[in-house]
Amino acid sequence: MTAGLYRESAVYRQYLDAADVALLPYVDTSVRDLLLACNEQGDDHGDQQGVTGELTQPALFAVEYALAATLTALGIRPAAVLGHSIGEFAAAVTAGALTLDEAAHLVATRGRLMHALPDGGAMLLVRAAPGALRQLLAEEPRAHIAAVNGPRDTVLSGTAEALARIAETLEEAQVRARDLQAPTAFHSPLVRPVLDRLRAAAGTTEPQVPDVPVFSTRYGRLLAPTERLDADYWAAQAESPVLFADALADLETVCAPTHLVEIGPRPQLLPLAGRAGLSSSVEFLHPVPGPAADGTELAELVAQLYRAGLDPEWERLYDSDVTSGAGEKLRGYSFSTAHRYWTAPPSPTAPRADEAAPARSATTPPRPASAPAGPATSDPVSRDRDPVLAAVVDAVAEVGSYPLEQVVHTARFYEDLGFDSVMIMQLKDRIEARLPHLGEVSVQQLLPALRSVGSLAQFLGGHLTEGVRV
């Protein structure tokens, strides 16, 4: 799990190491080393075979915590979190409700206690709604609903014998069902023998009010401000069904997310979300979509969020000792020769090519490179009448080294004044300095107004007016 990302990403490596250190006092072995050893042995199912029993849950938690912390460090701060089963512990740390050490203690204790339960438990995935299984469950008291993941995604938990009978009945009814090969009947009354000890371990924590909304899969809704992720919560969470579908529906209603990012070693929840009837505009992202992920997928996720408006921490993304960080020489750019701003545009009355044109005097000097091509004094600026326009003219003249009388109201920035992207940035800084009440205006806001000196002044005047509230 995530061995390639650990090798390629210094940020992820930092947080997986931190999770490993936090877990070590409670599991007496390095979860990180076990994960990497599974990868080196070519084990495609290392999370199930190489890391077994009481270490499975700590390994999942370590990966989930490290992935969530990596994304946060890259500037991807969640609007809300939702955790599925063991994932609720990583969600609690991400939200600030538990510390890493507190969650590591709870997860290790939970894994050890569940592993100590008697054999004979099992779990069954059924492609049916919970209501359709009510009669079967009534006939099998040792079987229970363990998770409601979607309209037709239900997980049953109970004794292996009871689930085997249910599976046989479902097969006869042509309802798809699959044994999950789970070692324990998680999220069922069969875990009750260990709940007091789990509650005692959770009692040593000091849960805080989350920094971001937590959508509880125990309650199937947003956690209320007065509700705490305390000892009673975690004890009941181990036995109660996972109400993932309800919690996801409440998250969509409350937060209207634009993106859902799954945190884990491979996509398992995103397919469930895809069948849950969410808005088609919600985008699904995963930083590690499989065992072969090596960091490229993480970079692509950041790039996709950047295109959607996120301002990521690029330096952290490339903070790696794998690459030298040396600069690369870019290929040259071939600029168009069709137009130069210091060359006057053709006159509307210019003669046709087949007509004789008067020869230019050899003594007539060409137009200076710093002079705009438009009219020089057709509409002089009244500095008293329009101070915003006057500030724009002063800034334009300073950036382009133009005489004030040549920066007229109708002068166009690109065609007449020859402005480029660097000059636009300089212009922005000088305008903000001259109009301090304006505040900061982004280049994206300025671009539509850069048709002419007058249009920019009009936009800025309106921007100042909008900032005034009576």
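In the predicted model, Asp28 is exposed, with a relative accessibility of 68%. The residue belongs to the loop between α2 (10–27) and α3 (31–40). Most residues other than glycine have a negative phi. A positive phi, of about 55°, is also found at His187, likewise not a glycine. His187 is placed in the loop between β5 (177–179) and α9 (195–202). With a relative accessible area of 4%, His187 is buried, whereas Asp28 is exposed.

A further loop residue, Ser452, is located between α17 (443–446) and α18 (453–466). Its relative accessibility is 14%, and Ser452 therefore counts as buried, since the cut-off for a buried residue is under 20%. When neighbours within four places in sequence are left aside, the contacts of Ser452 are with His409, Thr410, Ala411, Arg412 and Phe413.

Ala91 lies within helix α5, which covers residues 87–95. The relative accessible area of Ala91 is 8%, so this residue is buried. Apart from residues up to four places away in sequence, Ala91 touches Val81, Leu82 and Gly83.

Two packed helices are described by the angle between their axes and the distance between the axes. For helix α4 (residues 56–73) and α5, the angle is about 30° and the axes are 9 Å apart. The two helices are therefore roughly parallel, because angles under 35 degrees are placed in that class. The crossing of α4 past α5 is right-handed. On the α4 side, the contact involves Phe61, Glu64, Tyr65 and Ala68, which meet Gly87, Phe89, Ala90, Val93 and Thr94 of α5. Classified by type, the residues of this contact are 6 nonpolar, 2 polar and 1 charged.

Confidence in the prediction was also examined. The protein chain has an average pLDDT of 84, and 82% of the residues score at least 70. Over residues 42–50, pLDDT stays under 50, and the model has 11 contacts beyond four places in sequence for this stretch. The pLDDT is also below 50 over residues 350–379, a stretch with 32 contacts in the model beyond near neighbours in sequence. Where pLDDT is low, the predicted coordinates should not be read in detail.

Notes. Residues numbered from 1 in each chain as written. Predicted model: local features only at pLDDT ≥ 70, side-chain atom pairs only at ≥ 80, totals over all residues. Heavy atoms only, no water. Helix = DSSP H or I, 4+ residues; strand = E, 2+ residues; numbered from the N terminus. Buried < 20%, exposed > 50% of the residue type's maximum accessible area, 1.4 Å probe, protein only. Contact = heavy atoms within 4.5 Å. Axes fitted to C-alpha atoms, helices over the stretch in contact; angles between N-to-C directions. Parallel < 35°, antiparallel > 145°, perpendicular 65-115°, else oblique. Left-handed = near helix turned anticlockwise from the far one by under 90°. Nonpolar A, V, L, I, M, F, W, Y, C, P; charged D, E, K, R; others polar. pLDDT = per-residue confidence, 0-100.
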